Amino acid sequence: MTASVAGAPFWATPGLAPLLAALNGGGEEARVVGGAVRNSLLGLPVTDVDIATTAVPQEVAARASRAGLKAVPTGIEHGTVTVVSGHHGYEVTTLREDVETDGRRAVVRFGRSWEHDAERRDFTLNALYAAADGTVLDLVGGLADLEARKVRFIGSPEARIREDYLRILRLFRFHAAYGAGAVDGAAFSGAVRLRQGLLSLSHERVRAELLKLLLAPGAAATLATMSDAGLIQPLIGGIADARAFARLVEIEAQWRAQGRNVPPDAIRRLAALALRVSDDADRLRGKLRLSNAEARRLALMAGPVPEVGDDAAAQAFIYRTGADAARDRALLAAARGRAGMERIGRLATYWTVPRPPFSADDLMALGLKPGRALGTALRRAEVAWIDAGFPGDRARIDALLRASIDTEGGPV
(Lines give C-alpha, C1' and ligand atoms only; values in the text may rest on other atoms or scores of the structure.)
Protein backbone atom coordinates (compact mmCIF):
# COMPACT_ATOMS: atom_id res chain seq x y z
CA MET A 1 0.00 0.00 0.00
CA THR A 2 1.08 3.58 -0.58
CA ALA A 3 0.07 6.75 1.22
CA SER A 4 1.02 10.37 1.66
CA VAL A 5 0.58 12.92 4.44
CA ALA A 6 1.50 15.88 2.24
CA GLY A 7 -0.50 18.87 3.40
CA ALA A 8 -1.19 17.44 6.85
CA PRO A 9 -1.50 20.19 9.49
CA PHE A 10 1.56 19.05 11.43
CA TRP A 11 3.87 20.21 8.63
CA ALA A 12 3.04 23.77 9.69
CA THR A 13 4.43 23.21 13.18
CA PRO A 14 6.85 26.08 13.81
CA GLY A 15 10.45 25.22 13.01
CA LEU A 16 9.80 21.81 11.44
CA ALA A 17 10.71 22.74 7.87
CA PRO A 18 14.05 24.40 8.80
CA LEU A 19 14.96 21.43 11.00
CA LEU A 20 14.33 18.87 8.24
CA ALA A 21 16.25 21.02 5.80
CA ALA A 22 19.22 21.03 8.17
CA LEU A 23 19.10 17.27 8.74
CA ASN A 24 18.58 16.16 5.14
CA GLY A 25 21.31 16.09 2.51
CA GLY A 26 25.02 15.39 2.57
CA GLY A 27 24.44 11.66 2.73
CA GLU A 28 21.94 11.82 5.62
CA GLU A 29 18.16 11.47 5.65
CA ALA A 30 15.53 12.47 8.18
CA ARG A 31 11.84 11.53 8.33
CA VAL A 32 8.92 12.25 10.62
CA VAL A 33 8.02 9.02 12.44
CA GLY A 34 5.31 7.49 14.59
CA GLY A 35 2.30 9.28 16.03
CA ALA A 36 2.32 12.31 13.76
CA VAL A 37 2.15 10.07 10.68
CA ARG A 38 -0.33 7.63 12.21
CA ASN A 39 -2.74 10.29 13.48
CA SER A 40 -2.56 12.31 10.28
CA LEU A 41 -3.58 9.27 8.24
CA LEU A 42 -6.49 8.73 10.65
CA GLY A 43 -7.52 12.38 10.58
CA LEU A 44 -6.78 12.78 14.30
CA PRO A 45 -4.98 15.65 16.06
CA VAL A 46 -1.19 15.50 16.31
CA THR A 47 0.39 16.54 19.61
CA ASP A 48 4.08 15.76 19.00
CA VAL A 49 6.27 15.51 15.93
CA ASP A 50 9.20 13.10 16.30
CA ILE A 51 11.98 12.66 13.78
CA ALA A 52 14.16 9.67 12.88
CA THR A 53 17.46 10.19 11.09
CA THR A 54 20.43 8.31 9.72
CA ALA A 55 22.76 10.88 11.28
CA VAL A 56 24.43 10.02 14.60
CA PRO A 57 23.66 12.31 17.56
CA GLN A 58 26.90 14.28 17.23
CA GLU A 59 26.13 15.02 13.59
CA VAL A 60 22.57 16.03 14.50
CA ALA A 61 23.92 18.49 17.07
CA ALA A 62 26.50 19.84 14.64
CA ARG A 63 23.96 20.37 11.88
CA ALA A 64 21.54 22.02 14.28
CA SER A 65 24.26 24.38 15.47
CA ARG A 66 25.25 25.35 11.92
CA ALA A 67 21.58 26.13 11.19
CA GLY A 68 21.35 28.35 14.25
CA LEU A 69 19.22 25.86 16.19
CA LYS A 70 19.69 24.70 19.78
CA ALA A 71 20.49 21.01 20.42
CA VAL A 72 20.02 19.43 23.87
CA PRO A 73 21.32 15.84 24.49
CA THR A 74 18.20 14.68 26.35
CA GLY A 75 18.67 10.95 25.67
CA ILE A 76 21.92 10.70 23.82
CA GLU A 77 22.74 7.18 25.09
CA HIS A 78 19.65 6.06 23.17
CA GLY A 79 20.41 8.32 20.22
CA THR A 80 17.97 11.13 21.03
CA VAL A 81 18.75 14.82 20.75
CA THR A 82 16.08 17.45 21.37
CA VAL A 83 16.42 20.24 18.85
CA VAL A 84 14.69 23.55 19.51
CA SER A 85 13.54 25.08 16.24
CA GLY A 86 10.96 27.85 15.96
CA HIS A 87 10.59 27.83 19.77
CA HIS A 88 9.40 24.21 19.49
CA GLY A 89 11.24 21.14 20.80
CA TYR A 90 11.66 18.15 18.47
CA GLU A 91 13.03 14.76 19.51
CA VAL A 92 15.48 13.66 16.81
CA THR A 93 16.57 10.03 17.18
CA THR A 94 19.21 8.14 15.24
CA LEU A 95 18.11 4.89 13.57
CA ARG A 96 18.73 2.07 16.04
CA GLU A 97 18.93 -1.65 16.59
CA ASP A 98 18.49 -3.41 19.94
CA VAL A 99 21.59 -5.16 21.23
CA GLU A 100 20.29 -6.30 24.61
CA THR A 101 16.99 -6.03 26.49
CA ASP A 102 15.82 -7.16 29.94
CA GLY A 103 12.10 -6.38 29.79
CA ARG A 104 12.51 -2.89 31.21
CA ARG A 105 15.31 -1.18 29.28
CA ALA A 106 17.34 -1.76 26.13
CA VAL A 107 20.95 -1.38 25.02
CA VAL A 108 20.99 -0.08 21.45
CA ARG A 109 23.47 0.57 18.69
CA PHE A 110 23.07 3.12 15.96
CA GLY A 111 22.49 2.10 12.35
CA ARG A 112 21.52 3.37 8.94
CA SER A 113 18.85 0.83 8.05
CA TRP A 114 15.25 2.04 8.03
CA GLU A 115 14.15 -1.61 7.96
CA HIS A 116 16.07 -2.47 11.14
CA ASP A 117 14.80 0.65 12.88
CA ALA A 118 11.21 -0.22 11.98
CA GLU A 119 11.59 -3.81 13.11
CA ARG A 120 12.66 -2.80 16.63
CA ARG A 121 9.52 -0.71 17.23
CA ASP A 122 6.44 -2.04 18.99
CA PHE A 123 3.41 -1.91 16.67
CA THR A 124 3.13 -1.72 12.91
CA LEU A 125 1.00 1.43 13.03
CA ASN A 126 3.78 3.18 15.00
CA ALA A 127 6.50 2.32 12.46
CA LEU A 128 5.40 4.63 9.66
CA TYR A 129 7.84 7.25 8.36
CA ALA A 130 7.07 10.36 6.31
CA ALA A 131 9.63 12.10 4.10
CA ALA A 132 9.65 15.88 3.77
CA ASP A 133 7.45 15.63 0.67
CA GLY A 134 4.81 13.68 2.63
CA THR A 135 5.51 10.24 1.11
CA VAL A 136 4.91 7.52 3.71
CA LEU A 137 7.44 4.72 4.08
CA ASP A 138 5.84 1.51 5.38
CA LEU A 139 8.21 -1.41 5.95
CA VAL A 140 6.15 -3.63 8.29
CA GLY A 141 2.56 -3.54 7.02
CA GLY A 142 1.46 -0.62 9.16
CA LEU A 143 -0.75 0.95 6.50
CA ALA A 144 -2.88 -2.15 6.09
CA ASP A 145 -3.21 -2.54 9.86
CA LEU A 146 -4.12 1.12 10.21
CA GLU A 147 -6.86 0.74 7.60
CA ALA A 148 -8.16 -2.35 9.43
CA ARG A 149 -7.79 -0.62 12.81
CA LYS A 150 -5.64 -3.51 14.02
CA VAL A 151 -2.94 -3.00 16.63
CA ARG A 152 -0.39 -5.66 15.79
CA PHE A 153 3.09 -6.29 17.14
CA ILE A 154 5.98 -6.20 14.70
CA GLY A 155 7.29 -9.74 14.43
CA SER A 156 6.80 -12.11 17.36
CA PRO A 157 4.51 -10.63 20.04
CA GLU A 158 6.34 -12.48 22.81
CA ALA A 159 9.72 -11.27 21.57
CA ARG A 160 8.50 -7.67 21.48
CA ILE A 161 6.96 -7.99 24.96
CA ARG A 162 10.10 -9.51 26.48
CA GLU A 163 12.03 -6.49 25.25
CA ASP A 164 9.81 -4.27 27.42
CA TYR A 165 6.93 -5.62 29.49
CA LEU A 166 5.27 -2.21 29.40
CA ARG A 167 4.28 -3.14 25.85
CA ILE A 168 1.51 -5.28 27.35
CA LEU A 169 -0.16 -2.14 28.66
CA ARG A 170 0.69 -0.24 25.50
CA LEU A 171 -1.03 -2.96 23.46
CA PHE A 172 -4.31 -2.38 25.25
CA ARG A 173 -3.90 1.39 25.42
CA PHE A 174 -3.30 1.63 21.66
CA HIS A 175 -6.14 -0.79 20.96
CA ALA A 176 -8.46 1.36 23.08
CA ALA A 177 -7.31 4.45 21.18
CA TYR A 178 -7.06 3.18 17.60
CA GLY A 179 -8.31 -0.39 17.37
CA ALA A 180 -11.63 -1.83 16.27
CA GLY A 181 -13.20 -5.14 17.18
CA ALA A 182 -11.33 -7.68 19.28
CA VAL A 183 -7.71 -7.31 20.32
CA ASP A 184 -5.34 -8.99 17.86
CA GLY A 185 -5.32 -12.70 18.79
CA ALA A 186 -1.56 -13.29 18.67
CA ALA A 187 -0.87 -10.10 20.60
CA PHE A 188 -3.49 -10.95 23.23
CA SER A 189 -2.15 -14.48 23.73
CA GLY A 190 1.37 -13.18 24.15
CA ALA A 191 0.23 -10.57 26.67
CA VAL A 192 -1.61 -13.15 28.77
CA ARG A 193 1.28 -15.63 28.72
CA LEU A 194 3.78 -12.99 29.82
CA ARG A 195 1.56 -11.00 32.19
CA GLN A 196 3.80 -11.73 35.19
CA GLY A 197 6.31 -9.39 33.58
CA LEU A 198 4.04 -6.47 34.46
CA LEU A 199 5.07 -6.91 38.09
CA SER A 200 8.68 -6.03 37.23
CA LEU A 201 7.75 -2.59 35.95
CA SER A 202 8.11 0.60 37.95
CA HIS A 203 4.91 1.95 39.45
CA GLU A 204 5.51 5.25 37.67
CA ARG A 205 5.58 3.65 34.21
CA VAL A 206 2.44 1.64 34.95
CA ARG A 207 0.68 4.76 36.22
CA ALA A 208 1.46 6.75 33.06
CA GLU A 209 0.16 4.05 30.71
CA LEU A 210 -2.88 3.13 32.77
CA LEU A 211 -4.12 6.71 33.16
CA LYS A 212 -3.78 7.23 29.41
CA LEU A 213 -5.70 4.00 28.80
CA LEU A 214 -8.55 5.12 31.07
CA LEU A 215 -9.14 8.14 28.81
CA ALA A 216 -9.02 6.31 25.46
CA PRO A 217 -12.24 6.14 23.40
CA GLY A 218 -12.46 2.35 23.60
CA ALA A 219 -11.36 2.06 27.23
CA ALA A 220 -14.55 0.41 28.53
CA ALA A 221 -14.48 -2.62 26.24
CA THR A 222 -10.71 -2.92 26.47
CA LEU A 223 -10.68 -2.88 30.28
CA ALA A 224 -13.40 -5.54 30.35
CA THR A 225 -11.17 -7.75 28.19
CA MET A 226 -8.16 -7.07 30.41
CA SER A 227 -10.13 -7.75 33.59
CA ASP A 228 -11.43 -11.07 32.28
CA ALA A 229 -7.83 -12.06 31.50
CA GLY A 230 -6.55 -11.07 34.95
CA LEU A 231 -4.40 -8.25 33.60
CA ILE A 232 -5.80 -5.35 35.63
CA GLN A 233 -6.05 -6.74 39.15
CA PRO A 234 -2.28 -7.06 39.81
CA LEU A 235 -1.75 -3.46 38.71
CA ILE A 236 -4.32 -1.95 41.08
CA GLY A 237 -3.94 -4.46 43.92
CA GLY A 238 -7.64 -5.27 44.04
CA ILE A 239 -10.76 -6.23 42.14
CA ALA A 240 -11.51 -4.28 38.97
CA ASP A 241 -15.12 -3.18 38.38
CA ALA A 242 -15.16 -2.97 34.59
CA ARG A 243 -18.95 -2.77 34.52
CA ALA A 244 -19.07 0.36 36.70
CA PHE A 245 -16.31 1.87 34.56
CA ALA A 246 -18.31 1.30 31.39
CA ARG A 247 -21.45 2.76 32.95
CA LEU A 248 -19.52 5.82 34.14
CA VAL A 249 -18.28 6.47 30.60
CA GLU A 250 -21.88 6.31 29.34
CA ILE A 251 -23.17 8.66 32.05
CA GLU A 252 -20.36 11.16 31.48
CA ALA A 253 -21.37 11.31 27.81
CA GLN A 254 -25.05 11.71 28.69
CA TRP A 255 -24.36 14.53 31.12
CA ARG A 256 -22.10 16.30 28.61
CA ALA A 257 -24.90 16.07 26.03
CA GLN A 258 -27.12 17.83 28.57
CA GLY A 259 -24.62 20.68 28.90
CA ARG A 260 -22.89 19.63 32.11
CA ASN A 261 -19.18 20.14 32.61
CA VAL A 262 -17.95 16.53 32.91
CA PRO A 263 -14.95 16.03 30.62
CA PRO A 264 -13.35 12.58 30.75
CA ASP A 265 -11.22 12.46 33.88
CA ALA A 266 -8.61 9.78 34.57
CA ILE A 267 -8.80 9.89 38.38
CA ARG A 268 -12.61 9.73 38.42
CA ARG A 269 -12.48 6.81 36.01
CA LEU A 270 -9.85 5.10 38.15
CA ALA A 271 -12.25 5.47 41.07
CA ALA A 272 -15.03 3.76 39.11
CA LEU A 273 -12.66 0.92 38.27
CA ALA A 274 -10.95 0.38 41.60
CA LEU A 275 -12.36 2.49 44.48
CA ARG A 276 -14.97 1.32 46.94
CA VAL A 277 -13.93 2.68 50.33
CA SER A 278 -11.56 5.47 51.36
CA ASP A 279 -8.82 2.96 52.29
CA ASP A 280 -8.63 2.03 48.61
CA ALA A 281 -7.20 5.48 47.91
CA ASP A 282 -4.09 4.65 49.95
CA ARG A 283 -3.72 1.32 48.17
CA LEU A 284 -3.97 2.94 44.76
CA ARG A 285 -1.55 5.68 45.75
CA GLY A 286 1.04 3.03 46.57
CA LYS A 287 0.39 0.80 43.56
CA LEU A 288 0.37 3.65 41.04
CA ARG A 289 2.53 6.27 42.78
CA LEU A 290 -0.34 8.75 42.75
CA SER A 291 0.29 12.23 44.04
CA ASN A 292 -1.03 13.22 47.46
CA ALA A 293 -3.61 15.44 45.75
CA GLU A 294 -4.82 12.57 43.56
CA ALA A 295 -5.07 10.24 46.56
CA ARG A 296 -6.99 12.86 48.55
CA ARG A 297 -9.38 13.32 45.67
CA LEU A 298 -9.96 9.55 45.50
CA ALA A 299 -10.64 9.44 49.23
CA LEU A 300 -13.24 12.22 48.82
CA MET A 301 -14.92 10.28 46.02
CA ALA A 302 -15.38 7.31 48.34
CA GLY A 303 -17.65 9.36 50.61
CA PRO A 304 -21.41 8.75 50.82
CA VAL A 305 -24.10 10.39 48.73
CA PRO A 306 -27.35 11.10 50.64
CA GLU A 307 -30.82 10.78 49.24
CA VAL A 308 -31.66 14.09 47.59
CA GLY A 309 -35.38 14.34 46.95
CA ASP A 310 -35.38 18.03 46.13
CA ASP A 311 -33.05 20.83 45.09
CA ALA A 312 -32.62 22.03 48.67
CA ALA A 313 -31.19 18.68 49.79
CA ALA A 314 -28.92 18.55 46.76
CA GLN A 315 -27.69 22.09 47.36
CA ALA A 316 -26.94 21.31 51.00
CA PHE A 317 -24.87 18.29 49.93
CA ILE A 318 -23.01 20.29 47.30
CA TYR A 319 -22.30 23.11 49.76
CA ARG A 320 -20.86 20.76 52.38
CA THR A 321 -18.92 18.59 49.93
CA GLY A 322 -17.82 21.06 47.26
CA ALA A 323 -19.19 21.17 43.73
CA ASP A 324 -16.45 19.06 42.12
CA ALA A 325 -16.42 16.38 44.79
CA ALA A 326 -20.22 16.24 44.89
CA ARG A 327 -20.38 15.82 41.12
CA ASP A 328 -17.73 13.08 41.22
CA ARG A 329 -19.55 11.18 43.98
CA ALA A 330 -22.85 11.49 42.14
CA LEU A 331 -21.32 10.17 38.92
CA LEU A 332 -19.79 7.19 40.73
CA ALA A 333 -23.04 6.48 42.57
CA ALA A 334 -24.95 6.57 39.28
CA ALA A 335 -22.38 4.26 37.68
CA ARG A 336 -23.06 1.78 40.49
CA GLY A 337 -26.82 1.88 40.05
CA ARG A 338 -28.01 4.73 42.27
CA ALA A 339 -30.98 6.63 40.83
CA GLY A 340 -31.64 10.34 41.13
CA MET A 341 -28.06 11.53 40.81
CA GLU A 342 -28.87 13.81 37.86
CA ARG A 343 -30.15 16.49 40.24
CA ILE A 344 -26.73 16.75 41.90
CA GLY A 345 -25.03 16.81 38.54
CA ARG A 346 -27.25 19.60 37.28
CA LEU A 347 -26.87 21.78 40.36
CA ALA A 348 -23.11 21.13 40.67
CA THR A 349 -22.83 22.61 37.18
CA TYR A 350 -25.29 25.52 37.26
CA TRP A 351 -25.75 26.49 40.90
CA THR A 352 -23.28 29.03 42.27
CA VAL A 353 -22.30 27.84 45.73
CA PRO A 354 -22.89 30.81 48.07
CA ARG A 355 -20.69 32.04 50.86
CA PRO A 356 -22.24 32.62 54.30
CA PRO A 357 -23.49 36.23 54.40
CA PHE A 358 -22.36 36.59 58.02
CA SER A 359 -19.24 36.21 60.11
CA ALA A 360 -18.06 36.13 63.70
CA ASP A 361 -18.17 39.93 63.68
CA ASP A 362 -21.97 39.81 63.27
CA LEU A 363 -22.30 37.59 66.33
CA MET A 364 -19.98 39.78 68.38
CA ALA A 365 -22.11 42.77 67.41
CA LEU A 366 -24.99 40.93 69.08
CA GLY A 367 -23.06 40.52 72.33
CA LEU A 368 -20.94 37.38 72.00
CA LYS A 369 -17.28 37.60 72.96
CA PRO A 370 -14.34 35.76 71.33
CA GLY A 371 -14.01 32.22 72.56
CA ARG A 372 -15.44 28.74 72.25
CA ALA A 373 -19.03 29.89 72.50
CA LEU A 374 -18.52 32.23 69.55
CA GLY A 375 -17.18 29.44 67.35
CA THR A 376 -20.01 27.11 68.37
CA ALA A 377 -22.63 29.76 67.65
CA LEU A 378 -21.09 30.50 64.26
CA ARG A 379 -21.25 26.82 63.31
CA ARG A 380 -24.86 26.58 64.49
CA ALA A 381 -25.77 29.65 62.47
CA GLU A 382 -24.23 28.14 59.36
CA VAL A 383 -26.12 24.87 59.82
CA ALA A 384 -29.38 26.80 60.30
CA TRP A 385 -28.63 28.92 57.21
CA ILE A 386 -28.06 25.76 55.12
CA ASP A 387 -31.22 24.10 56.46
CA ALA A 388 -33.19 27.26 55.65
CA GLY A 389 -32.14 27.11 52.02
CA PHE A 390 -29.32 29.70 52.04
CA PRO A 391 -31.43 32.83 52.57
CA GLY A 392 -29.85 36.16 51.68
CA ASP A 393 -32.25 38.70 53.17
CA ARG A 394 -30.90 40.56 56.19
CA ALA A 395 -33.92 40.10 58.44
CA ARG A 396 -33.86 36.32 58.05
CA ILE A 397 -30.13 36.18 58.63
CA ASP A 398 -30.38 38.30 61.79
CA ALA A 399 -33.06 35.96 63.09
CA LEU A 400 -30.80 32.94 62.47
CA LEU A 401 -27.92 34.62 64.26
CA ARG A 402 -30.06 35.47 67.29
CA ALA A 403 -31.37 31.93 67.38
CA SER A 404 -27.82 30.57 67.41
CA ILE A 405 -27.05 32.80 70.41
CA ASP A 406 -30.22 31.77 72.23
CA THR A 407 -29.26 28.14 71.74
CA GLU A 408 -26.00 28.89 73.49
CA GLY A 409 -27.79 30.48 76.40
CA GLY A 410 -27.53 34.13 75.44
CA PRO A 411 -24.60 36.50 75.04
CA VAL A 412 -21.49 35.84 77.09
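**Cores, strands and overall form**

Colleague: Which residues touch the most other members of the largest nonpolar core?

Modeller: Of its 114 residues, Phe10, Trp11, Val32, Ile51, Leu171, Leu298 and Ile344 touch the most other members, and helix H7 (residues 166-178) gives the most to this core, with eight residues. This is a predicted model, in which local features need pLDDT of at least 70 and side-chain atom pairs count only at pLDDT 80 or more, while totals for chains, interfaces and linings use all residues. Residues are numbered from 1 along each chain as its sequence is written, and side-chain values use heavy atoms, leaving out hydrogens and water.

Colleague: Why is a set of residues called a nonpolar core?

Modeller: The name applies because its members are buried Ala, Val, Leu, Ile, Met, Phe, Trp, Tyr and Cys residues joined through side-chain atoms within 4.5 Å, where buried means under 20% relative accessible area with a 1.4 Å probe, protein chains only.

Colleague: What makes E1 and E2 paired strands?

Modeller: Two strands pair if DSSP finds at least two bridges between them; strand E1 (residues 30-33) and strand E2 (residues 50-53) have four, in the antiparallel sense, so they pair. Valine 33 stands opposite aspartate 50 in E2. E2 also pairs with strand E5 (residues 88-94), in the parallel sense over three bridges, and there alanine 52 has threonine 93 as its bridge partner.

How values were computed:
Buried < 20%, exposed > 50% of the residue type's maximum accessible area, 1.4 Å probe, protein only. Helix = DSSP H or I, 4+ residues; strand = E, 2+ residues; numbered from the N terminus.
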